[in-house]
Amino acid sequence: VWEATNEGWMVLGDLLARRAGLLDPLIDTSALDLPGTVAELAASFSAGDARDDYEAVLDRVRRKVGEVRFALGVQLIEGTHDPLEISAALSHVAEATIEVLGQAAWAEFRRAHGTIPGSELVVLGLGRMGGGALTHASDLDLVFLFTDGSGGESDGPRPLGPSLYYNRLAQRVSAALSVATAEGALFEVDTRLRPSGEQGPLAVNFDSFTRYQQEQAETWEHMALCRARVLFGSQEARTELVGIVSDALLKPRDPKKLRADVLEMRGTIASHKPAKGPLDIKLARGGLVDLEFLTHYLQLQHGAGLEGGLTPFLGDALGVLSGADLVPESLRNAHDTLSRLLVALRLLAPDS
């Protein structure tokens, strides 16, 4: 335990060596409190001089996010809060960051290219980001989409067609979240789970996304979609996208093919990414990946009959499955225990 705690402090110490100012907020008596809601965090990250240019906004957000994440690291090492609470707080921080920097990047983009009437950017989170369960080492699995507008070009000084407009805007938002500035880096952004993967465009419209999910997506892609959560966009667009995702996940399936596809995918992962050791809580046999596969397999098989819906939060999903007598109640506790260990290990023993 001492060695793990020491390792965690070494990780945070490396951050302090680069940014000594991270220590300043810890003087406050509220430093060991969990951060607020996504809306409260977004308001805090946005607060600054209205005259700040785009680069100044990026620096400010990086500084504030770094301070909150550093404080959460201290809380994790000191055992101030349940690691599951730390994990949820890290997710709130990332979601607030996407909101603030997404809006800032779009505002900057509009200066040159204007807007496309009746259309907007929407960001979907998958993986641990979609499931609201980040660790200090998590990247952000994001899918960029856009609603269908009039179909014409944007109305700015340098007009662009819808596809080019939103693909360039998605690149701008992704860079805002990941490119380092003088205040350091924020997150690694992973967009490989988008339709058609790395071979497809970075952003697609709702119609294309719907067709892909209904006609082309593989079983493993729908398993990933089980943890989809809308992170950026108007309420109207969020509601529409939730409906698209639900329709894709609730479509009728051949039980034998579903089972075969799931087993084949799990076998492929086991071959290409074997567990690195006894503390590899994700990939070890009986670890979190097996639990995720089991959960998503049952969600896809029984989704239409599950009271409580297809929640993207893995622990809650196991609660729904348990309530339907599809898994033992003890699996939720198993998930929570494994997740606590994963969150701790990602900071206390990142090379374990």
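**Charged contacts and strands**

A: Asp290 and Arg266 meet through their side chains in a salt bridge, 2.6 Å from N to O (a side-chain nitrogen of Lys or Arg within 4 Å of a carboxyl oxygen of Asp or Glu). This pair links distant parts of the chain, with Asp290 in helix α11 (residues 288–302) and Arg266 in helix α10 (residues 255–272), 24 residues apart. Helices (H or I, at least four residues) and strands (E, at least two) are DSSP runs numbered from the N terminus.

The model is predicted, so local features need pLDDT of at least 70 and side-chain atom pairs count only at pLDDT 80 or more, while totals for chains, interfaces and linings use all residues. Residues are numbered from 1 along each chain as its sequence is written, and side-chain values use heavy atoms, with hydrogens and water left out.

Asp290 counts as partly exposed because its relative accessibility is 24%, whereas Arg266 is buried, with a relative accessible area of 13%. Buried means under 20% relative accessible area, exposed over 50%, and partly exposed in between (1.4 Å probe, protein chains only). The areas come from the Shrake-Rupley method with a 1.4 Å probe, and for residues only the protein chains shown count as cover.

The structure holds 9 salt bridges. Another of them joins the side chains of Arg332 and Asp316, at 2.7 Å from N to O. Here too distant parts of the chain are linked: Arg332 belongs to helix α13 (residues 330–348) and Asp316 to helix α12 (residues 314–323), and they are 16 residues apart. Arg332 is partly exposed at 32% relative accessibility, and Asp316 is partly exposed at 34%.

A further salt bridge is formed by the side chains of Arg229 and Glu95, 2.9 Å from N to O. Arg229 lies in strand β5 and Glu95 in helix α4 (residues 83–113), so this pair connects distant parts of the chain, 134 residues apart. Arg229 is buried, with a relative accessible area of 16%, and Glu95 is buried as well, at 12%.

Strand β5 leads on to the other strands. Strands β1 and β5 (residues 229–232) run antiparallel and are joined by 3 bridges. Two strands pair if DSSP finds at least two bridges between them. The bridge partner of Val123 in β5 is Phe232.

Strand β1 (residues 121–126) has 6 of its 6 residues buried, so it is largely enclosed by the rest of the structure. Leu121, Val123 and Gly125 point one way from β1, and Val122, Leu124 and Leu126 point the other way. In a regular strand the side chains alternate between the two faces of the sheet.

Val122 stands opposite Leu145 in β2, and Leu124 stands opposite Val143.

Strand β2 is mostly covered, with 7 of its 7 residues buried. Leu140, Leu142, Phe144 and Phe146 point one way from β2, while Asp141, Val143 and Leu145 point the other way. Leu140 counts as buried because its relative accessibility is 0%. Leu140 and Leu126 are 14 residues apart in sequence, and their C-alpha atoms are 7.9 Å apart in space.

β2 also has parallel partners. With strand β3 (residues 189–190) it pairs over 2 bridges in the parallel sense, and the partner of Leu140 there is Val189. With strand β4 (residues 203–205) β2 pairs in the parallel sense over 3 bridges, and the partner of Phe146 in β4 is Asn205.

Asp148, Asp207, Glu236 and Glu240 form a negative surface patch. Patches are made of residues with over 30% relative accessible area and no salt bridge, with like charges joined within 9 Å and nonpolar side chains (Val, Leu, Ile, Met, Phe, Trp, Tyr) within 5 Å. Asp and Glu count as negative and Lys and Arg as positive, while His and the chain ends are not counted. Glu236 lies in helix α9 (residues 235–249) and is exposed, with a relative accessible area of 66%.

Methods. Charge placed at Lys NZ, Arg CZ, Asp CG, Glu CD.
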